[in-house]
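Reader: I want to learn how to read a model feature by feature. Can we work through one together?
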Amino acid sequence: METKFKPHLSVVFLGHVDSGKSTTAGHFLKKCGLVDKKLFEKMCQEAKNLGKQSFKYAYVFDRLKSERERGLTQDCKSLNFETENKNFTLVDAPGHKKYMKNMITALSQVDAVIMVVDATVGTFEKGFKKQGKIRELAIIASAYGAKQMIVLVNKMDVSSVDYSQARYNRIKDKMNPFLRRLGYHSGAFQFIPISAWLGQNLMELDTQSMGWYTGPTLYQALERLQEPKRATDQPFRLAVRDVYNVYGVGIVVRGVVASGTLSEGNQMVLSPTGGIFQARSILCHGKRIKEAQCGQFASVNLKYLSSRYIKRGMVLGHITNDPPCIVLDFTARIYVVNHPTQIRPGYEPVIDCHTSHITCKIDRFLQKINKNGRLLEKSPTSLRTGDHAIVHMIPLQPFCVEPYHKIPTLGRIIIRDMSIIVGIGSIQSTNKSKIPITKLKKK
Ligand code: GTP
Ligand code: MG
């Protein structure tokens with residue numbers, strides 16, 4: 001029997017620390033029947049032993065010992081599930097600013113965002129104030145091209161909220177204009193009041209405590225998401241997110257296919273190291289597939305490599321069809337979101353692009369422009385918060401990126417100084433070197 005083709009979407013849970021991302025993700029998958037009963041009982045027992053009962057659903061995603069002990073997500077994890085018409089990869093991201101790099105990695109590979117906000121009186125207000133976490137995350141999400149958003153107004157059960165429709169409306173009314181200003185049109189975001197802890201409005205509508213809410217549920221909202229346009233006509237690229245050394249199988253890399261397709265047996269090259277190998281087998285949603293398409297979250301078993309030579313942030317491409325190369329310098333259009341003083345040429349922030357985080361020097365400001373791209377000033381000497389500009393950058397470490405108009409997921413950037421997001425932008429053009437396509441030498 002032929003299996004029905006379903007579009008594949010990757011969705012990330014974003015939000016303030018402790019807003020309930022992992023609890024929502026875990027409880028939702030449990031309700032979908034995807035969490036083994038015995039395993040869940042074991043998690044509940046572990047949570048009880050650690051005095052963290054309230055984190056039992058979060059343990060579905062929080063699997064590291066330190067995450068479970070602290071009740072804090074540290075790295076991104078993903079699990080697959082499918083609805084009648086779509087396949088999904090759900091990614092749980094950390095909220096703590098210490099793990100911002102991992103959150104950005106998670107965000108770099110997704111098509112839509114589930115923003116979890118804590119409705120508790122005082123907590124939402126703190127996150128939504130100027131330079132608060134909710135605003136910052138929404139800005140990052142829009143910069144990374146997540147054009148669709150589901151906003152979950154969580155913790156409706158806490159006493160300060162008490163399932164109040166007025167409270168839900170107030171949060172919605174505050175976020176609505178802000179999201180529109182970021183470029184989300186009215187059909188691109190949906191609000192849902194939930195209690196992740198009690199599982200309300202996740203799979204089925206809660207008619208008792210929130211009888212005033214008529215839908216959709218989280219499940220229905222996911223079904224409504226549209227598959228974005230994919231870079232299918234571009235050469236194959238996959239930015240490595242995870243690397244595993246599986247006993248008896250060998251090296252497996254995971255990530256979203258950013259462009260093109262990958263078939264079993266294909267010869268590939270890894271940038272920036274230049275290592276060559278073959279795709280021995282490809283898995284997607286736990287099933288072996290002959291070909292991974294653009295947008296799919298794939299696990300690829302590699303032949304000829306050892307895990308020492310491959311890590312998060314590297315990029316895979318076909319060896320013959322326009323292989324990925326190191327970028328010597330590039331120009332980008334940027335928007336300065338937040339800088340306490342002014343940026344001057346020579347500034348060396350971290351540039352986050354796909355799963356990579358590389359220090360770059362902004363050596364020249366080419367133009368200051370307005371929001372619509374009209375020239376305001378040639379070669380400005382400084383940039384301040386709120387400015388748009390075209391700048392020239394030089395990576396200080398090997399970096400593999402692509403122009404945004406060719407492969408969007410490899411061309412969006414975030415400019416970061418420690419844990420502060422200074423700016424966002426997109427790569428306009430690149431000056432590439434030819435990487436040596438030779439077998440790796442052992443270091
Ligand atoms: P980080 O990953 O560390 O950023 O946190 P998180 O957003 O994943 O939050 P997590 O799911 O770990 O939940 C944090 C705390 O909030 C836990 O104690 C949860 O039980 C609690 N919590 C989550 N959702 C709800 C809810 O709907 N109602 C109530 N009362 N508590 C909730
Ligand atoms: Mg978490």
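Reader: How many aromatic pairs does the count come to?

Author: This is a predicted model. Rings of Phe, Tyr and Trp pair if their centres lie within 6.5 Å. By this rule the count comes to 11 aromatic pairs. Take F81 and F88. Their ring centres are 5.3 Å apart and their planes meet at 20 degrees, so this pair is stacked. F81 is buried, at a relative accessible area of 3%. F88 is buried too, at 0%.

Reader: What kind of pair do F330 and F399 form?

Author: Their centres lie 6.2 Å apart with the planes at 55 degrees, so the pair is tilted. Look at the positions next. F330 is in strand β17 (residues 327-336). F399 is in the loop between β21 (388-395) and β22 (412-417). The two are 69 residues apart, and the pair links distant parts of the chain. Both F330 and F399 are buried.

Reader: Which residues do ring pairs link into a cluster?

Author: F28, F81 and F88. Rings can also carry a charge over the face. R135 lies over the face of F128, 4.2 Å from the ring centre. The charged end of R135 also sits over the ring of F178, at 5.0 Å from its centre.

Reader: Now the metal. Which residues coordinate the magnesium ion?

Author: First the general idea. Ideal angles at a metal are 109.5 degrees for four tetrahedral donors, and 90 or 180 degrees for six octahedral ones. Here, S22 (OG) and T73 (OG1) coordinate the magnesium ion (ligand 2), at 2.0 Å. S22 belongs to helix α1 (residues 21-31), and T73 to the loop between α3 (65-70) and β2 (77-82), so the pair ties together parts 51 residues apart in sequence. Water is not among the atoms, so sites may look incomplete.

Reader: Are S22 and T73 buried or exposed?

Author: S22 is buried at 7% relative accessibility. T73 is buried at 9%.

Reader: How many residues of helix α4 are buried?

Author: Start with the geometry. An α-helix has 3.6 residues a turn, so residues three or four places apart point the same way. Helix α4 (residues 100-107) is mostly covered, with 7 of its 8 residues buried. Among them are M100, M103 and L107.

Reader: What lines the largest pocket?

Author: Rolling a probe the size of a water molecule over the atoms shows where empty space is left. The largest pocket has a volume of about 1600 Å³. Its lining holds 46 residues, of which I139, L182, Y335, V337 and I424 lie nearest the centre. Elements that give two or more residues to this lining are α5 (123-128), α6 (133-143), α7 (165-181), β17 and β23 (420-432). α6 gives the most, with 6 residues.

Reader: Last, the backbone. Where is a peptide bond cis?

Author: Most residues other than glycine have a negative phi, and most peptide bonds are trans. The bond from G215 to P216 is cis, with omega near 5 degrees. P216 sits in the loop between β6 (189-193) and α8 (218-224). Another cis bond joins S271 and P272, with omega about 10 degrees. P272 is in the loop between β11 (267-271) and β12 (276-284).

Reader: Which residue has a positive phi of about 50 degrees although it is not a glycine?

Author: D162. It lies in the loop between β5 (148-154) and α7. D162 is exposed, with a relative accessible area of 54%. Y163 has a positive phi of about 55 degrees. Y163 is in the loop between β5 and α7. Y163 is buried, at 15% relative accessible area.

Notes: Residues are numbered from 1 along each chain as its sequence is written. Chains are lettered from A and ligands numbered from 1 in the order in which they are written. This is a predicted model: local features need pLDDT of at least 70, side-chain atom pairs count only at pLDDT 80 or more; totals for chains, interfaces and linings use all residues. Side-chain values use heavy atoms; hydrogens and water are left out. Donors are N, O and S atoms within 2.8 Å of the metal (3.2 Å for Na, K and Ca); water is not among the atoms, so sites may look incomplete. Helices (H or I, at least four residues) and strands (E, at least two) are DSSP runs, numbered from the N terminus. Buried means under 20% relative accessible area, exposed over 50%, partly exposed in between (1.4 Å probe, protein chains only). Rings of Phe, Tyr and Trp (its six-membered ring) pair if their centres lie within 6.5 Å; planes under 30 degrees apart count as stacked, over 60 as edge-to-face and the rest as tilted. A charge sits over a ring if NZ of Lys or CZ of Arg is within 6 Å of the ring centre and within 35 degrees of the ring normal. On a 1 Å grid over the protein atoms alone, a cavity is a set of points where a 1.4 Å probe fits but cannot get out, and a pocket is an open set with protein on both sides within 12 Å along at least five of seven lines; lining residues have an atom within 4 Å of a point. Grid points are joined across faces, edges and corners, and a volume is the space filled by probe spheres set on the points.
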